[in-house]
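Take a moment with the sequence and the 3D view. Then read on, and keep the view open as you go.

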Amino acid sequence: VVPLALLLLAWPYLLFFEAKRLDTPIKKFAYQFGREDISMLPFLLLYNGAAAFTLFTAVNEILTRESTQNGPLTKLLFFSCLAVFPFLAIAFVVNRLQYSYWRHERHARLEINGLLQQATYTNQDQQLTFATSEVISIVQYSARQYRRAPWNAYEYGVYTLQDGTEIIITCLLYYSTSPAESFPAAQRETVQRRICWLPDTRS
């Protein structure tokens, strides 16, 4: 609770420093631990806590001998597990999204030089340098169909270059200012989805 409260208090300052950092001619986007959207953190804590409670209750029910001798208590715990079961399903979706986005962006880095009108994208041992004018299309995949869904903060964009190369940039690479603003000549399109799985992890 204390780390979450400190993060909430520090959030306006993080946004301020992030905005100042992107005012420079060279804009850098890179994943750092703890930079996730603030709206993701409560859901991760809530649903993982509910999932842990459900698993603990179920294991405790199985291992405790008294549970086999007390019918009403057994039924109460059983129905409690059923009531919390939806949290397990939601926790699975949110954790899978978080893990797949993190795995894609943990070594990613995007640097945009506004003076040279040039961008460099690096991910692990691959590096791609291109002019900002080469980005001809940006398709933003968003999960805003359900405003209160726990996973609606997860979204990503597909940046297509003139030679057909596609670059996927997820929301974990930036706070609130999307790199798409640095490519004004690109055509924009927004695609709404229930859950924004990455292309290589979509079920």
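The model is predicted.

Now look at one pair in detail. Strand β6 spans residues 156-161. It runs antiparallel to β7, and 5 bridges join the two. In one of these pairings, glycine 157 has isoleucine 169 of β7 as its bridge partner.

## Two cysteines

How many disulfides does a search of the whole structure find? The count is 0. For cysteine 171, the nearest cysteine sulfur belongs to cysteine 196, and it is 8.7 Å away. A disulfide needs the two sulfur atoms within 2.5 Å. Cysteine 196 is likewise in no disulfide, with the sulfur of cysteine 171 as its nearest cysteine sulfur.

Are these cysteines buried or exposed? Cysteine 171 is buried, with a relative accessible area of 8%. Cysteine 196 is buried too, at 1%. Buried means under 20%.

## The largest pocket

Rolling a probe the size of a water molecule over the atoms shows where empty space is left. The largest pocket has a volume of about 220 Å³. Which strands each supply at least two residues of its lining? They are β3 (118-123), β4 (126-131) and β7.

The lining includes His104, Tyr121 and Asn123. Gln124, Asp125, Gln126, Gln127 and Leu128 are also among the lining residues. Thr165, Glu166, Ile167 and Ile168 belong to the lining as well. By class, the lining has 4 nonpolar, 6 polar and 2 charged residues.

## The cavity

The structure holds 1 cavity of 30 Å³ or more. The largest cavity contains about 30 Å³ of space. Its lining is made up of Leu110, Phe130, Tyr159, Ile167, Ile169 and Phe183. By class, that lining has 6 nonpolar residues, no polar ones and no charged ones.

Two names return here. Ile167 lines the largest cavity and also the largest pocket. Ile169 lines the cavity, and isoleucine 169 is the bridge partner of glycine 157.

Notes: Residues are numbered from 1 along each chain as its sequence is written. This is a predicted model: local features need pLDDT of at least 70, side-chain atom pairs count only at pLDDT 80 or more; totals for chains, interfaces and linings use all residues. Side-chain values use heavy atoms; hydrogens and water are left out. Two strands pair if DSSP finds at least two bridges between them. Helices (H or I, at least four residues) and strands (E, at least two) are DSSP runs, numbered from the N terminus. Buried means under 20% relative accessible area, exposed over 50%, partly exposed in between (1.4 Å probe, protein chains only). On a 1 Å grid over the protein atoms alone, a cavity is a set of points where a 1.4 Å probe fits but cannot get out, and a pocket is an open set with protein on both sides within 12 Å along at least five of seven lines; lining residues have an atom within 4 Å of a point. Grid points are joined across faces, edges and corners, and a volume is the space filled by probe spheres set on the points. Ala, Val, Leu, Ile, Met, Phe, Trp, Tyr, Cys and Pro count as nonpolar, Asp, Glu, Lys and Arg as charged, and the others, Gly among them, as polar.
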